[in-house]
Amino acid sequence: MLRFLRRRIRDKKLLKLVWMFLRSGVMEEGTVRNTTIGTPQGGIISPLLANIYLHELDRYMERRTKRSHWKRNDNRKKGIANFLYTRYADDFVVLCCGTKHQAEAMKQELSQFLANELRLELAMDKTKVTHIQDGFTFLGFHVSSGIGSTGKIIVRVRIPGEAVKRAQAKTDIMLKAQTEMSVNSKILALNSVIRGWCQYYQYATIPIFMFKKLEYRVFWDTAHWLGKKFKLQMPEVMRRYRQGNTFGTSTTQLVLPTKYKNKRLQFRLATNPYTGNTVPEYEEVVDLDQLWTGIENRPGSLDRKEEVYRRDGGKCGICGEDVDWEGGELDHRTSRYTFRDKKEADRKKNLWIVHPECHRQKTYGQLA
């Protein structure tokens, strides 16, 4: 790693800082363990260092893939394989326009390069040679080729069934219990998962089929969660909370997957502010691993906020001016700590909606 960095960096202090980071060790259950290889997992610059390290693999593959259109056609005529390579973090795919034997040879060549030059081991159980018609999964998408409606061979980028099951598992966790939480907080949590998942897969080939599978599950799980929370039969749940083909309250509505339509990925170029060269500009990717299940610090507070907001007509309880729903804050008229019974403090008669600034001034005794 330091050898690669010295090719571009002359600042010895910076190189020493990176070295100290690499040798910093890890703490496990209060015990510090020294490390002699690798980068600290979860370290703040570990992903950056990994990309710098694997840039050597990019440079190696560039020598095998950088061919003119004429050279590629010439290789085909001579029976020489052409390759395409793409990498994201430590996942990469090599496409081979050639025979299976040539693809296997490239796999072996890559394994030797990683072992000899980078001292890395290719995970053979995860590295497979497969025909493009059978397809492969990369970054959560299943890529394959087939015959299109025009009779020509096209590439299809589909949503794998496993991806739908993982999304369903997340919504299942959110809707199995926690009936003491607000309807609004639960809907907001579901919306965050559905929005992130659907925006990620909007660029797949005809995603509507998989979106419908997730939607069916979310719709009925939400209906049953509402029934358990309020001890209602299904017809009554539909009467109270159904809004068209979804559920909602006066302030929040469940966004279902079919609202998100298929998009064509737009590949744009933007100027790199540091080098002046053009670099790809990609869509923002939502982190699907950050799961908020709708748990509130004070269960039911978001529903109480909605009731108080409607009761007060959207007016700030301190200054009397209009306050928007999202920006308004639920506050206790009389401080909560003065109540022996906290349930009494949280009753609607002791609550009002206020502006954040009014709330701050009240808290610090700055009101006139």
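User: How many cavities of 30 Å³ or more does the structure hold?

Analyst: One cavity of that size is present. The model is a predicted one.

User: What makes it a cavity and not a pocket?

Analyst: A 1.4 Å probe fits in a cavity but cannot get out, whereas a pocket is open. The volume of the largest cavity is about 40 Å³.

User: Which residues line the largest cavity, and what makes them lining residues?

Analyst: Leu175, Val183, Lys186, Ile187, Leu190, Thr222, Trp225, Leu226 and Phe247 form the lining. Lining residues have an atom within 4 Å of a cavity point. Two or more residues each come from α7 (183–201) and α8 (208–230). With four residues, α7 gives the most.

User: How is the lining of the largest cavity made up by class?

Analyst: Seven lining residues are nonpolar, one is polar and one is charged. Lys counts as charged, so Lys186 is the charged one.

User: Why is α7 called roughly antiparallel to α8?

Analyst: Their axes cross at roughly 175° and come within 12 Å. Angles over 145 degrees count as roughly antiparallel. Therefore α7 is roughly antiparallel to α8.

User: Which residues make the contact between α7 and α8?

Analyst: From α7 come Val183, Lys186, Leu190, Ile194, Trp197, Cys198 and Tyr201. From α8 come Phe211, Leu214, Val218, Thr222, Trp225, Leu226, Lys229 and Phe230.

User: What is the class make-up of the contact of α7 with α8?

Analyst: The contact has twelve nonpolar, one polar and two charged residues. Lys counts as charged, so Lys186 and Lys229 are the charged pair.

Methods: Residues are numbered from 1 along each chain as its sequence is written. This is a predicted model: local features need pLDDT of at least 70, side-chain atom pairs count only at pLDDT 80 or more; totals for chains, interfaces and linings use all residues. Side-chain values use heavy atoms; hydrogens and water are left out. On a 1 Å grid over the protein atoms alone, a cavity is a set of points where a 1.4 Å probe fits but cannot get out, and a pocket is an open set with protein on both sides within 12 Å along at least five of seven lines; lining residues have an atom within 4 Å of a point. Grid points are joined across faces, edges and corners, and a volume is the space filled by probe spheres set on the points. Axes are lines fitted to C-alpha atoms, for helices over the stretch in contact, and angles run from 0 to 180 degrees between N-to-C directions. Angles under 35 degrees count as roughly parallel, over 145 as roughly antiparallel, 65 to 115 as roughly perpendicular and the rest as oblique. Contact means heavy atoms within 4.5 Å.
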